[in-house]
Amino acid sequence: MKFLFITHWMHPNLYGWVDTLVEKGHTVRFLGWRKQLGMSDTGVRPEHIERSSIEKWVPRVWKQPGKWFRTDSHTNVPKISSLYKTFKEYNPDVLVTQNPNIWSIPFISILLARIRGCQILVYLETPLYKKRNIWKVWFIRVFTVLFRVTWFTSISGDARNPPLHPNAQYVPLVMKTGHSGREVSTENSGVMRIMTVGKLDLPRKNILLLLHALNELKSTLSFRLVIIGVLQDESDPVYEKIQKYIQEHDLQQRVTIKKNVDRSEVLHEYTQNDLFVLPSSNEPFGFSVLEAMSRGLPVICSDTTGVQWSVEHGGNGYIFKSNDSDDLQECIRTAVSSSEQLQKMGARSRELIQEEHSPEAFYTSFIRMLKHDESLTT
């Protein structure tokens with residue numbers, strides 16, 4: 001089959017899907033509109049979507065950006081003739097896209113796919129099971145009928161709540177297990193090695209919350225924290241607050257910040273640490289948690305991250321109350337209470353990846369979804 005992915009960029013959480021489809025003998029083409037598009041491990045390189053000249057006039061027509069109309073990356077306008085030519089020449093069997101806001105590239109792609117008779121899969125970063133207001137429910141139902149789309153997500157959510165749509169599907173992200181290559185450091189140096197990954201200029205990443213929690217524990221816990229993240233501007237106020245906190249609380253010898261490092265170095269860093277903490281609040285997913293689990297690390301995340309549904313509380317890690325420093329402290333304290341426990345939780349992390357996020361687990365779910373979609377549209 002021929003698949004056409006159209007999203008803002010090839011986020012690392014999509015590498016596994018693209019690579020698995022290629023390895024299974026399918027053809028994959030990827031279109032995006034961000035400057036930095038990424039590239040999958042199998043060499044699928046995203047192509048830039050040609051943009052329309054009318055794009056610059058859109059903000060002048062709509063006077064309330066962020067309300068009725070958003071002027072962010074999801075509302076970029078493609079050159080429709082060029083995009084249609086791609087559909088016609090490539091003739092994909094399946095379109096995979098996300099976030100179909102009106103005027104957006106995904107929305108226009110769905111229109112073109114409908115004209116061309118493609119199957120349409122829409123990926124959303126929202127739990128499959130979640131309470132939603134009536135307007136969102138009706139929008140999804142009407143959109144489904146009009147465009148014959150199948151919605152899917154990689155966030156399961158609480159099954160006690162209603163699903164996104166009666167025909168919506170859960171499809172796991174792919175993460176291959178890697179060699180951990182480490183021993184719990186408390187058996188050697190007595191220093192607990194902790195790491196986190198997140199953009200250094202984004203408030204919701206909550207780096208300050210983690211720093212505060214560890215600062216409160218430093219009298220009873222010997223630790224070293226590595227913070228890895230992307231930073232565009234050294235003078236960014238969020239980053240400056242992080243630096244200021246480290247200096248004011250004398251954490252320079254305990255905390256290391258690594259900025260803008262290659263993905264290979266990030267993956268290597270997982271093998272050099274004992275515990276991974278994602279302090280973020282309202283994080284759509286949190287792919288770095290899966291990366292850490294694949295390297296055999298126990299993990300801690302908040303209860304407002306999408307990845308919480310991939311973590312076994314008390315099994316391979318802990319889930320703390322979002323923005324609650326005391327609860328985060330307690331989770332860290334419990335997790336590092338013994339090296340034996342850390343090893344057991346790390347082993348369970350790898351088991352969960354193998355059971356729920358393997359290429360086969362994804363492919364089985366994905367093909368089942370395609371067949372289910374075919375049965376609904378025929």
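Select Asn161. Its relative accessible area is 18%, so Asn161 counts as buried. Buried means under 20% relative accessible area, exposed means over 50%, and partly exposed is in between, with a 1.4 Å probe and protein chains only. Asn161 sits in the loop between strand S6 (149-153) and strand S7 (169-170). Helices (H or I, at least four residues) and strands (E, at least two) are DSSP runs, numbered from the N terminus. Now show the neighbours of Asn161. Leaving out residues up to four places away in sequence, Asn161 touches Tyr129, Lys130 and Lys131. Contact means heavy atoms within 4.5 Å.

A word on the model before you go on. This is a predicted model, where local features need pLDDT of at least 70, side-chain atom pairs count only at pLDDT 80 or more, and totals for chains, interfaces and linings use all residues. Residues are numbered from 1 along each chain as its sequence is written, and side-chain values use heavy atoms, with hydrogens and water left out.

**The whole chain**

Zoom out. The protein chain has twelve helices and 13 strands. It has 378 residues, and 52% of them count as buried. Take the contacts between residues at least 6 apart in sequence: 71% of them join residues at least 24 apart.

**Helix H9**

Select residues 287-294, which are helix H9. How many of the residues of H9 are buried? Eight of its eight residues are. They are Phe287, Ser288, Val289, Leu290, Glu291, Ala292, Met293 and Ser294. What do they pack against? The partners are H1, strand S8 (192-197), H8, strand S11 (275-278), strand S12 (299-302) and helix H11 (339-356).

Stay on Ser288. Its relative accessibility is 9%, so Ser288 is buried. Ser288 touches Val197, Tyr270, Phe276 and Leu278, not counting residues up to four places away in sequence. Then step just past H9 to Gly296. Gly296 takes a positive phi of about 80 degrees.

**Aromatic rings**

Show the side chains of Phe, Tyr and Trp. Rings of these residues (for Trp, the six-membered ring) pair if their centres lie within 6.5 Å. Planes under 30 degrees apart count as stacked, over 60 as edge-to-face, and the rest as tilted. By this rule there are 14 aromatic pairs.

Pick Trp17 and Phe362. Their ring centres are 5.8 Å apart and their planes are at 15 degrees, so this pair is stacked. Trp17 is in helix H1 (residues 12-23) and Phe362 is in helix H12 (residues 359-377), 345 residues apart, so the pair links distant parts of the chain. Trp17 is buried, at 1% relative accessible area. Phe362 is buried too, at 0%.

Next, pick Tyr270 and Phe276. Here the centres are 5.9 Å apart and the planes are at 55 degrees, so the pair is tilted. Both residues are buried.

Now select Phe3, Trp17, Tyr123, Phe152, Phe362 and Phe366 together. They form one aromatic cluster.

**Charges over rings**

A charge sits over a ring if NZ of Lys or CZ of Arg is within 6 Å of the ring centre and within 35 degrees of the ring normal. Select Lys24 and Tyr363. The charged end of Lys24 sits over the ring of Tyr363, 5.2 Å from its centre. Then select Arg29 and Tyr90. The charged end of Arg29 sits over the Tyr90 ring, 5.6 Å from its centre.

**Two helices side by side**

Select H4 (residues 105-116) and H5 (residues 134-147). They pack at an angle of about 35 degrees, with their axes 10 Å apart. Axes are lines fitted to C-alpha atoms, for helices over the stretch in contact, and angles run from 0 to 180 degrees between N-to-C directions. Phe107, Ile110, Leu111 and Arg114 in H4 meet Phe143, Leu146 and Phe147 in H5.

**Cysteines**

A disulfide is a pair of cysteine sulfur atoms within 2.5 Å. How many does the whole structure hold? The search finds zero. Select Cys301 and Cys331. The nearest cysteine sulfur to Cys301 is that of Cys331, 9.3 Å away. That is too far for a bond. Cys301 is buried at 0% relative accessibility, and Cys331 is buried at 5%.

**Last stop: Val261**

Select Val261, in the loop between strand S10 (255-259) and helix H8 (263-270). Val261 is partly exposed, at 24% relative accessible area. Val261 touches Ile228 and Val266, not counting residues up to four places away in sequence.
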